[in-house]
Amino acid sequence: MTTATRVICGLGLLLLLAGAAGARDLPAADDYGKVILDNFSARAGLAPVRFDHWLHRAFFTCRLCHVDIGFAMEAKATRITADMNAKGFYCGSCHNGTTVFNGKKIFPSCAPGPAPAGSECVRCHSVGMKDERRYTYAAFTEKLPRQALGNLVNWEEAEARGLIKPVDLLPGLSTPRRHLDAQADFSIASKGFWMADIIFSHKKHAQWNGCEVCHPDIFPSVKKNAVKYTMFEIAEGQYCGLCHDRVAFPLNDCGKCHAGKARRQP
Amino acid sequence: MKRRAVILAAIFLGWWLLAAAPAPLGSIFSPQQVHAEEGWEAEFRAVCGRTDDAMTFSASELRGLIDRCDLLNARIGQLSEPQRKVFAKRLQMCRDLYVFTLEAKEKK
């Protein structure tokens with residue numbers, strides 16, 4: 001190998017590493033899955049709302065909030081107002097001062113109009129406020145099993161070990177359903193020979209999401225190989241990328257999806 | 001004696017206003033109105049509470065559920081906000097899933 005070839009190879013490797021490092025600029029563990037809501041807060045003289053998925057997903061399934069309560073899958077798209085909450089919808093479905101969860105009354109969402117002194121509005125309208133939140137990421141996740149990336153919690157294992165028990169039904173709002181039958185996992189062939197095939201856990205996804213969170217909006221086909229997903233599209237937030245890399249474990253935790261047999265050699 | 005009569009009259013008037021008055025006066029709170037709301041909600045639960053079973057339905061059952069969604073859509077459209085917004089979205093998701101399942105079955 002000539003010196004010139006070595007230099008070119010070295011530079012190429014350097015560029016590759018720099019690209020890989022820059023491609024994923026994930027937030028810190030306590031900010032992973034954070035959503036800032038500020039559609040109407042400023043108008044009401046309040047700080048924007050900080051919503052943490054890591055806190056709520058420990059108690060409720062994705063389906064309960066994104067189907068039964070009706071929260072959009074896109075930040076700020078629901079356009080929640082205090083009036084809607086006060087009527088018992090959206091945040092007010094649970095944050096109404098009367099719903100009891102784990103033996104405690106869930107604090108009420110703030111009422112329309114100016115916030116009275118000593119109100120609990122700041123518990124959610126907390127962006128830029130110091131020490132207003134009662135739950136801290138470190139204390140809340142301390143005893144939960146770990147994973148390497150994202151918000152560093154292995155939620156699947158936490159549920160399997162009984163450390164979290166996400167509720168899937170909200171009395172008065174949810175429609176009672178029979179327990180969803182366990183569906184078999186299936187594999188999706190990886191496009192690159194260097195990656196193992198994807199093992200998709202239909203069981204886990206369906207238990208947490210039901211059917212209508214994913215179909216047909218996110219995955220418009222159930223026929224195998226009918227839609228060709230690429231990692232570029234996924235990284236841009238389509239398909240798996242709508243949740244993974246934003247709330248669920250991130251895309252650079254490759255082995256969690258590409259968990260099948262090692263692929264053939266080229 | 002007079003006082004008792006006034007109290008009785010007030011109770012009767014209250015009952016009449018809430019339950020027995022003819023529409024539109026009585027329709028604000030009347031049991032008929034409550035039943036009407038329960039009607040659409042019961043239908044919503046009956047139709048959209050079965051999405052987890054979508055794959056087990058036949059094509060004709062799915063078509064029937066889609067038709068019921070369309071009928072419900074008109075009723076939900078008449079609700080006040082934010083109830084309309086929440087249930088219209090839920091109904092849309094539910095209908096879309098049945099359409100999706102039906103198409104998947106018909107393509108097979």
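Biologist: Before we dig in, what are the ground rules, and what ipTM does the predictor give the complex?
Modeller: Residues are numbered from 1 along each chain as its sequence is written, while chains are lettered from A and ligands numbered from 1 in the order in which they are written. As this is a predicted model, local features need pLDDT of at least 70 and side-chain atom pairs count only at pLDDT 80 or more, whereas totals for chains, interfaces and linings use all residues. Alongside a pTM of 0.81, the predictor gives the complex an ipTM of 0.83.

Biologist: What is the mean pLDDT of chain A?
Modeller: pLDDT is the predictor's confidence in each residue, from 0 to 100. In chain A, 87% of the residues reach 70 or more, and the mean is 86. Residues 17–22 of chain A fall below 50, and beyond near neighbours in sequence that stretch has zero contacts (C-beta atoms, placed from the backbone, within 7 Å). So, with pLDDT being that 0 to 100 score, the mean for chain A is 86.

Biologist: How far apart are the centres of the two domains of chain A?
Modeller: The bounds come from an automatic or database domain assignment, which gives domain 1 (29–141) and domain 2 (178–266). The contact between them takes eight residues from each of the two domains, and on the domain 1 side helix α3 (residues 62–68) of chain A gives the largest share, four residues. The C-alpha centres of domain 1 and domain 2 of chain A lie apart by 29 Å.

Biologist: How many residues of chain B are in contact with chain A?
Modeller: On the chain A side, the residues divide into eight nonpolar, four polar and four charged. Nonpolar covers Ala, Val, Leu, Ile, Met, Phe, Trp, Tyr, Cys and Pro, charged covers Asp, Glu, Lys and Arg, and the others, Gly among them, are polar. Those 16 residues of chain A touch a set in chain B that numbers 17.

Biologist: How do α3(B) and α4(B) run, roughly parallel or roughly antiparallel?
Modeller: Helix α3 (residues 59–76) and helix α4 (residues 83–107) of chain B pack with their axes 9 Å apart, at an angle of about 160 degrees. Axes are lines fitted to C-alpha atoms, for helices over the stretch in contact, and angles run from 0 to 180 degrees between N-to-C directions. Angles under 35 degrees count as roughly parallel, over 145 as roughly antiparallel, 65 to 115 as roughly perpendicular and the rest as oblique. That makes the pair α3(B) and α4(B) roughly antiparallel.

Key:
Helix = DSSP H or I, 4+ residues; strand = E, 2+ residues; numbered from the N terminus.
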